Amino acid sequence: MFHSRLHSFSRLMISLTLAAGLAALADGAKAQDKRQNTPGEFDFYVLSLSWSPSFCEEAAERGGRSQTQCSGRPYAFVVHGLWPQYESGFPEYCQRPSPRLNRSIVSSMLDLMPAPGLIFNEWDKHGTCSGLADRSYFETIRKARAAIKIPAEYLDLSQAKTVAPAEVEEAFIKANPGLSNAAVSITCNRTRLSEVRFCLSKDLQFRACEEIDRRACRRDQVTMPPIRGG
């Protein structure tokens with residue numbers, strides 16, 4: 001009898017827990033759905049700068065076809081994207097089909113984003129969520145990139161460099177007045193530094209972003225491969 005009652009009680013508790021969990025998920029979905037993927041409805045931007053030598057080494061290891069940015073002139077930090085964000089989560093693909101991107105805009109951005117495929121993808125996935133027309137969105141990317149000063153030690157890296165993510169953060173903070181640890185994070189793969197990400201308000205001022213910071217690289221040390229041709 002005791003075991004039967006205990007079993008029934010356990011089943012009741014599991015049912016109540018599942019019901020509470022589903023209700024919480026439903027509430028969360030409702031809260032997010034109020035503006036989920038609505039163009040222009042977001043809280044801040046993330047500007048992501050990719051360390052191109054890491055990207056190119058990873059692409060070579062995967063045995064994929066040669067990437068545009070991995071041949072020709074050497075690249076250091078390149079723009080991966082400017083991404084609208086919510087305080088929790090982010091919108092994506094806010095217009096389907098996305099407005100056609102003018103090829104003159106693509107050509108004009110190749111100095112910062114040296115791969116046409118990347119530019120088209122960033123517009124479709126993130127630019128359509130900005131609420132800006134295509135030309136204005138890419139002008140905003142250019143303004144955001146111009147606001148970031150790259151530390152001198154990473155401008156012409158001719159040999160592989162082993163760094164601590166915190167060391168890279170501090171170098172960027174030192175080079176960019178107003179930037180704090182709460183507004184910048186480093187990402188990495190198993191061994192290499194991948195990207196430096198900056199959280200910016202809609203008017204492109206540095207601002208804190210807890211969720212982005214939580215996704216930062218947790219390794220003690222990573223490698224920055226040298227600039228190709230360096």
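**Close-up views of a predicted model**

View 1. An α-helix has 3.6 residues a turn, so residues three or four places apart point the same way. Helices (H or I, at least four residues) and strands (E, at least two) are DSSP runs, numbered from the N terminus. The model is predicted: local features need pLDDT of at least 70, side-chain atom pairs count only at pLDDT 80 or more, and totals for chains, interfaces and linings use all residues. Residues are numbered from 1 along each chain as its sequence is written, and side-chain values use heavy atoms, with hydrogens and water left out.

View 2. The structure holds four disulfides, each a pair of cysteine sulfur atoms within 2.5 Å. In one of the four, the sulfur atoms of C56 and C70 are 2.0 Å apart. C56 lies in helix α2 (residues 52–62) and C70 in the loop between α2 and β2, so this pair ties together parts that are 14 residues apart in sequence. The disulfide is left-handed, because the torsion about its S-S bond is about -90°. C56 is buried at 4% relative accessibility, and C70 is buried at 9%.

**View 3. The disulfide of C188 and C217.** A disulfide with an S to S distance of 2.1 Å joins C188 to C217. The pair links distant parts of the chain, 29 residues apart: C188 is in strand β4 (residues 184–188), and C217 is in the loop between α7 (210–214) and β6 (222–224). The link is right-handed, with 85° about the S-S bond. C188 is partly exposed at 24% relative accessibility, whereas C217 is buried at 10%.

**View 4. The disulfide of C199 and C209.** C199 and C209 are joined by a disulfide, S to S 1.8 Å. Its torsion of about 75° about the S-S bond makes the disulfide right-handed. C199 is buried, with a relative accessible area of 1%, and C209 is buried, with 4%.

Key. Buried < 20%, exposed > 50% of the residue type's maximum accessible area, 1.4 Å probe, protein only.
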